[in-house]
Amino acid sequence: MFTGDANVDNLLERYRQLLLDANKSKNLVSRRDVNNLTGRLISESLQPLSLGEDVLVSPLLDIGSGGGLPGIPLKIAKPELNITLLDSNRKKTLFLRRVINEL
């Protein structure tokens, strides 16, 4: 669905489901067409990977992570990256911690 790697795609799909479930109460992404939007946002988050190996260099800082985009999909696809997620909203940071623990 996302990358062609079954393990990565399974984790990305699990993340998408967690995002959809949490979005109902936490408004992490726009509610307009949220089912299609989450898949598209995850795919867009992975775009830097298509630019080559030297484009993404650790450490990375995802400022205003919200629902974890693009940081979480990038980390799932390239686990060797050191990515810090940063958001000022407590409910969003609690969601990010939950996702990190579950995935």
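**View A. Packing of helix α1 in the predicted model.** The buried residues of α1 pack against α2, α3 and α4; buried means under 20% relative accessible area with a 1.4 Å probe and protein chains only, and contact means heavy atoms within 4.5 Å. Among these buried residues are Val-8, Leu-12, Tyr-15, Leu-19 and Asn-23. Helices (H or I, at least four residues) and strands (E, at least two) are DSSP runs, numbered from the N terminus. The model is predicted, with local features needing pLDDT of at least 70 and side-chain atom pairs pLDDT 80 or more, while totals for chains, interfaces and linings use all residues. Residues are numbered from 1 along each chain as its sequence is written, and side-chain values use heavy atoms, without hydrogens and water.

**View B. Ends of helix α1.** At the N-terminal end, Asp-5 caps α1, with a side-chain oxygen 2.9 Å from the backbone nitrogen of Asn-7. Asn-27 follows α1 and has a positive phi, near 50°.

View C. Val-57 lies in the loop between α2 (34-45) and β1 (60-63). This residue is exposed, with a relative accessible area of 51%, the cut-off for exposed being over 50%. The C-alpha atoms of Val-57 and Leu-81 are separated by 7.3 Å, although the two residues are 24 residues apart along the chain.

Definitions and conventions
Polar contact = N/O pair within 3.5 Å; in protein donor to acceptor, adjacent residues only side chain to side chain.
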